Amino acid sequence: MSDGREISVRVSDITVVAKDIKRFRLQPISGALPLFSAGSHIVVSIFADDRRIRNPYSLTSVGDPSGYDISVLKTANSRGGSVFMHERVTKGTELVISQPVNLFPINLSGRKHILLAGGIGITPFITMAHQLASLNQPFQLHYGSRSKERGAYAESLKEAFPDRVFLYRDDEGTFIPIDALLRNQPLGTHLYVCGPEGMINAFLKAGLAAGWPKESLHAERFIAPSSGKPFSVKLVRSGRTIKVDEHQSILEAVEDAGVKAPYLCRGGACGQCETDVVSCDGEIVHSDNYLDPDVRKSGSKIMICVSRLNGFELALNL
Amino acid sequence: MLFSGIKSRPLYATLQPDPFARFNLVLVQGEGVNAAVRLLECAGDQFRMRTTILYAGAAQAADRMRSFQIQRMQFLPTIETLLVRVDGFLATAMMGTRLYTAGTEGFMGQVIQHAGNYFIDHKSIITEHCGSLARRIQCIHCRGATENVTTNVVRCSHCGVDLLVRDHYSRRLAAFMAVSADAEAPGTLPAIEKIFR
């Protein structure tokens, strides 16, 4: 959180939980960690070489509140945050994290909950499944992964909730039967999706097409800031002009320049970093999931955590 | 008074068909017929085949709804009997059911309150305000509800306290809150005006 205190933690344990997925146990360097609700995430600051990358990761720890667990998928063609976590972070490494934030809470006024996970999108559902079970709320977790070796936590979840967890594997030709799941659900059922962008879009669309109101359809997607050509940003209120590099987000460049800008999720989801565009000499490449299509078209706002400019200069009210 | 800036004060839109809904339950009261007719005019045959209308109000006014090919239409003598019928539908309803309601605020408020018992999110109910702005209020002192209040100050129909009607709305109670109007200076009431016409 931009105004919240950051927390210094030390990596106390690293476990390989699936192919290319490692779990990191984070212990506070002093004091106790805040409690968090199911579905919460933290933003981890990664000091990779000369840059500070901040990536959101869902909290996956259940039971022991003395530390936080996060699970990180190594993605090769990204900005390097997850590669750094996998290759450079070891037991004892100190990291800086944000306070926990929940943009994907369970709707507790619901009657039944269907959790749909694709790949690393399983992470928020680990705490959610445990919370729903402890509240004695009906739920099902449907979890699709590419193969058995990539299905992190599949076995432990199946063991914990044998009747409520359903596993699917691409290499075995089994897939989440979304259309069947959307049929014949009692009134008050909520659906939650987390996984690859294409899966989220397809499932939400299928939900609407099945006559579900949008209030019953929930998704969490964090987008990594897109890369692109460098450009400059004029900060009108601070009277500064800064450069945004190829692999940097506007928000990161603004912070590097010592200017404070509001943010929460750093993944184009929450809307906290919405910024007024004063002028721009090119096309804004919107990558977020927050702005309405009308607002995007008008070019008056930009979500600086993920979106950028295809042009030379963008003037922002910062 | 419909837009006072108090956040709890509900706002209403216009009835629009959800083309994807498997089953539409349209709950209409009094002048809500006008909104229901507009909804049926702009909806296709497919929509009308999947629609049930429950109507509480004067039988004559409903004639305009009869001309459409509705799957089912029922007339109920009062809001209370209509709500009992709604229970019958929602008790076994599945996802894909869409609720629409048109009429006075008091009526729509009770529909939304009722639907909540069946886990329906109030934001997913499509509403259109028609007819009088008369309010259903709750006396915060004795908790009694009074219907069809049109004045800014009204005597509680249960405990007899003179009440000031506020814009503060309770979705749970389906009523505007009303507080003692002369608590500070007993017997001194503000000018009584008819403002909820």
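Colleague: Which ring does the charged end of A:R266 sit over?
Modeller: That would be the ring of A:Y263, with the charged end 4.3 Å from the ring's centre. Bear in mind this is a predicted model.

Colleague: And B:R135, which residue's face does that lie over?
Modeller: B:R135 lies over the face of B:F176, at 3.8 Å from the ring centre.

Colleague: OK, on to ring pairs. How many aromatic pairs are there over all chains?
Modeller: There are 8. Take A:F36 and A:Y68: their ring centres are 5.6 Å apart and the planes are at 85°, so that pair is edge-to-face.

Colleague: Where do A:F36 and A:Y68 lie in chain A?
Modeller: A:F36 is in the loop between strand 2 (21-28) and strand 3 (41-48), while A:Y68 is in strand 5 (residues 68-73), so the pair ties together parts that are 32 residues apart in sequence.

Colleague: Is A:Y68 buried or exposed?
Modeller: A:Y68 is buried, at a relative accessible area of 1%. A:F36 has 24% relative accessibility, so it counts as partly exposed.

Colleague: What about B:Y55 and B:F75, how far apart are their ring centres?
Modeller: The centres are 5.8 Å apart, and the planes sit at 90°, so this pair is edge-to-face. It links distant parts of chain B, 20 residues apart: B:Y55 is in strand 2 (residues 51-56) and B:F75 in strand 3 (residues 72-76).

Colleague: What's the relative accessible area of B:F75?
Modeller: For B:F75 it's 34%, so that residue is partly exposed. B:Y55 is buried, with 1%.

Colleague: Last one: which residues do ring pairs link into a cluster?
Modeller: A:F104, A:F125 and A:Y192.

Definitions and conventions:
Residues numbered from 1 in each chain as written. Chains lettered and ligands numbered in written order. Predicted model: local features only at pLDDT ≥ 70, side-chain atom pairs only at ≥ 80, totals over all residues. Heavy atoms only, no water. Phe/Tyr/Trp six-rings, centres within 6.5 Å; stacked < 30°, edge-to-face > 60°. Helix = DSSP H or I, 4+ residues; strand = E, 2+ residues; numbered from the N terminus. Buried < 20%, exposed > 50% of the residue type's maximum accessible area, 1.4 Å probe, protein only. Lys NZ or Arg CZ within 6 Å of the ring centre and 35° of its normal.
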